[in-house]
Amino acid sequence: MGVLRPRCGAFRRGPRWPLAGGRSRRDGDRGGPLLEFAAMFPILLMVAVLAIEAFLSFVAVERLESAARAGARVAGAERLEGAEATARESLPSWLDEATVTSGGNDHDGFYVQVSHPLPIVFPSAGLDLALTRRVDMPDV
């Protein structure tokens, strides 16, 4: 009889280490991936929250710009009457606290300005920023 060799692809255990109490090296790594995940999870969570905050901020800026344009369009056509009401009506309900102002600009035209505090999901960061969009409309 010859030497018995494992078949191709057969599972071979790693060497046993005498200092590890007779356990294989793989058994000594138990729990390592869980600890790595536990260490990286707060960072992953923070990145996800920042991504959501940035997305909401960009959406709010786009909505404020759109409302200011709608109000400026009405201001140019009707000479400020109804400009603020139109701008306020074109805002979504989650931006109801926005401040809408309108008036004449330096070039004999009109402006509509819409401001809203930065929409933050987790306000504990202490960011007191305001998003402001102003659209000027020439007198036509």
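Trainee: Which residues make the nonpolar surface patch of about 530 Å²?

Mentor: In this predicted model, the patch is made by Leu34, Phe37, Phe41, Leu44 and Leu45.

Trainee: Is Leu34 buried or exposed?

Mentor: Exposure is judged by relative accessible area, and a residue counts as exposed when that value is over 50%. Leu34 has 61%, and is therefore exposed.

Trainee: What span does H1 reach from its first C-alpha to its last?

Mentor: The end-to-end distance is read against the value expected at 1.5 Å a residue. For the 47 residues of H1 the distance is 69 Å, close to the expected 69 Å.

Trainee: Where in H1 does a kink lie?

Mentor: The kink, of about 35°, lies at Met40, shortly before the proline Pro42.

Trainee: Which residue follows H1, and what is its phi?

Mentor: Arg79 follows the helix, and its phi is positive, near 55°.

Trainee: What pattern does the chain follow when read along the sequence?

Mentor: The order is α-α-β-β-β, with two helices and three strands in the chain.

Trainee: How much of the chain counts as buried, and how much area does the chain expose?

Mentor: Of its 140 residues, 24% count as buried. The chain exposes about 10,900 Å², of which carbon and sulfur atoms supply 60%.

Definitions and conventions. Residues are numbered from 1 along each chain as its sequence is written. This is a predicted model: local features need pLDDT of at least 70, side-chain atom pairs count only at pLDDT 80 or more; totals for chains, interfaces and linings use all residues. Side-chain values use heavy atoms; hydrogens and water are left out. Patches are made of residues with over 30% relative accessible area and no salt bridge: like charges are joined within 9 Å, nonpolar side chains (Val, Leu, Ile, Met, Phe, Trp, Tyr) within 5 Å. Accessible areas come from the Shrake-Rupley method with a 1.4 Å probe; for residues, only the protein chains shown count as cover. A salt bridge is a side-chain nitrogen of Lys or Arg within 4 Å of a carboxyl oxygen of Asp or Glu. Buried means under 20% relative accessible area, exposed over 50%, partly exposed in between (1.4 Å probe, protein chains only). Helices (H or I, at least four residues) and strands (E, at least two) are DSSP runs, numbered from the N terminus. The expected span of a helix is 1.5 Å times one less than its number of residues. The bend at a residue is the angle between axes fitted to the seven residues ending there and the seven starting there.
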